[in-house]
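Visitor: Could you take me through a close look at one part of this model, and then show me what else there is around it? I would like the terms spelled out as we go.

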Amino acid sequence: MNENVGKFEKKKLGKIFLTAPGPTTKQMFSQLLRARKDPAGFLVDMRKKYGNVVQFPLPILPVYLVTHPDDVDRVMRVNAKNYGKRTIQYENLALVTGDGLLAADTDTWKRQRKLIQPAFHHEAIMRVGPDTVLVTDRMLNKWEKLTNNTIIDVDDDMMHSALEIVGRSLFGTDLAGDVEKTAQATLDALDIIVARARTPITFPKWIPTPNNRKLAKALKQLDGAVQRILDERKKMTGVAGVDRDVDMLDLLLAAHDEEGGLNSKELRDQIVTFIVAGHETVASSLTWTWWLIGSHPEVQLKLQKEVDEVLNGRAPNVKDLENLPYSKAIVDEALRVFPPGWVVSRRSLDKDELGGYEIPDKAVVIISPWATHRHPDAWNSAESFDPTRFLPDAPTPQKGTYLPFGIGPRMCIGKDFAILESVLMISRIAQKWQLSPAGGEPVPRALVMVRPEGGLPMYINRRS
C-alpha cells in the first residue's frame, strides 16, 4: 500500500499544475545546496518528508519523484509504453554515447535492441569468464610486488580492470596499453554531462568553454579508442591462421534488418555506449562490493570459506557460478545497497496515475534505485548490508523493489555479463587476498554512477 494515497488540491504554478505533495518554491531553493552536494540522499529525504510521490515546484515543467515499488513497477514495466527517455538526463548522456542503446528513445531503441540482442546470447556472455580471470590475475601480479598492509585505491584498480575486461570480452581487443587514458576520458566526459544537467544555462558544444574543451578532449580519446578497436578487427579479418571466438563486435558488424546494417555512426555510438556502461557501472559496483566485504569481516570469512571449498586453489570459471551462491549473493546485495545507476528518468507520453496522484502528459518522472532500495515497503532493515537476502532459499524480491539493472523492456542488456564478471573477480581476489578499510567511511559521490569521493583506499594483505 502506498502511504500517501489521498486527495490533493491542484494548485497553479506558472504554466503547470501541482498535482502531488512536495516542497514549496522557497523550501526548494533552501535545499539546492543539499541537492547538489548529495543528490541521492536528498531524494531519500524528499520521500521521507513528502511521501511516495513528490512533485518539485518547477513552473515550466512538471517533475515528479516516484519511489514506491508499485509505482516504480508501473512506470518501468507495467505501463512502460507510456514512458519514454526524452529527458535532460539522456539528452546530455547522448553527448557522449550518441544515439546508442542507453540513450536512444522508443522506436530507435526498439530497432537497436533487436539488432544487438544476439551479441548477449548465452554463448557470447560466456567469453567473459576466461577474460575476467586473465585481467584479474594481471592486476594481482601487480599486487604481488607490494608488501602486506599496503594501501591501494580499489576504485582505480576496479575501473582499469573492468575496462580491460570489456575490451577483451566484447571487442576482442587488449586495451591494457590504453586503459588509463580511456578510463580517465570516460570519467571526464561523464563529469561534464552531470555538470551540464545541473546547470540552468549551458553553452553549445562549439563554444570553447573550459568544460566544452574538456568534453571535446575526452570524446577525442573515446573516438580514438573506437577507431583502434575497428582498425584492429580489420587487420584480423581474413588473416589466415587466426582462430578466435565470435564476439560482440563481430555480431555488431554483421547485424542487419530490413533497414540494413549499422552505419559508421551507429556502430561508433554502440561501441562507446558499451565502453561507458560496460565498464564504469561494473567498476562502481565492484568498488562498493569490496568496501562492504572489507568492512564486514564475518562476510569476508564466509566468502573465503566458500571459494576455498569450491575452487580448492584453482582459477574460477563460468561453470562455478552456480556453486558460489554466497559470492553471488554478496554481489547482488552490494548492488542493492550501492546501485551504480542511482537515478533514471522518464517522460510521460500520456497522462497516468501513480500513488493515487495525477501525472500529466509530458511530465518528467524521476526514479531513484538508491531511494527505492531504502524504502521500508521494499526491504526490511534497508540500510543494512545482508547478503543472505539473495541466497537461493531467500524469497524472490517483489517487482519494483530491486532496480540495479532496471526492470521491464528496458532492463540492462548486459546484466548477466556484469553479474558473471563481478562474481568471478571477487572470488579470484578472495582466494589470495584480504582487504580492509584504510580510513573512515567513504562518501558516495552521485554523478552518472555512484562512486566514492576521492577514491577508495583499502589495505591489502596476503591470506596466510
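Guide: Strands E4 and E12 run parallel and are joined by 4 bridges; strands here are DSSP runs of at least two residues (E), helices are DSSP runs of at least four (H or I), and both are numbered from the N terminus. Two strands count as paired if DSSP finds at least two bridges between them. Within this pairing, Val 66 stands opposite Ile 367 in E12.

Before going further, a word on the source: this is a predicted model, in which local features need pLDDT of at least 70 and side-chain atom pairs count only at pLDDT 80 or more, while totals for chains, interfaces and linings use all residues. Residues are numbered from 1 along each chain as its sequence is written, and side-chain values use heavy atoms, with hydrogens and water left out.

Now to the other neighbour of E4. Strand E4 covers residues 63-66 and runs antiparallel to E3, with 4 bridges joining the two. E3 and E4 form a hairpin, with 6 residues between them. Phe 56 has Val 63 as its bridge partner in E4, and Gln 55 has Tyr 64.

Buried means under 20% relative accessible area, exposed means over 50%, and partly exposed lies in between (1.4 Å probe, protein chains only). As background, side chains in a regular strand alternate between the two faces of the sheet.

Stepping back, the sheet is open and has 5 strands in the order E3-E4-E12-E9-E5, with mixed pairing. Its edge strands are E3 (53-56) and E5 (83-84), each of which pairs on one side only. Helix H3 (residues 39-50) packs on this sheet and touches E3, E4 and E12 (364-367); contact means heavy atoms within 4.5 Å. The direction of H3 makes about 110° with that of E3. Axes are lines fitted to C-alpha atoms, for helices over the stretch in contact, and angles run from 0 to 180 degrees between N-to-C directions.

Let's move on to the helices. H13 (residues 264-294) and H15 (residues 325-337) pack at an angle of about 105°, with axes 9 Å apart. That makes H13 roughly perpendicular to H15, a label for angles of 65 to 115 degrees; under 35 counts as roughly parallel, over 145 as roughly antiparallel, and the rest as oblique. In H13, Ser 285, Thr 289, Leu 292 and Ile 293 meet Ile 330, Ala 334, Leu 335 and Val 337 in H15. The residues of this contact divide into 6 nonpolar, 2 polar and no charged. Here Ala, Val, Leu, Ile, Met, Phe, Trp, Tyr, Cys and Pro count as nonpolar, Asp, Glu, Lys and Arg as charged, and the others, Gly among them, as polar.

Helix H15 also holds Ser 327, a buried residue with a relative accessible area of 0%. Leaving out residues up to four places away in sequence, Ser 327 touches Leu 303, Glu 306, Val 307, Val 423 and Ile 426.

One last stop is Gly 356, in the loop between E10 (352-354) and E11 (357-359). Gly 356 is partly exposed, at 33% relative accessible area.
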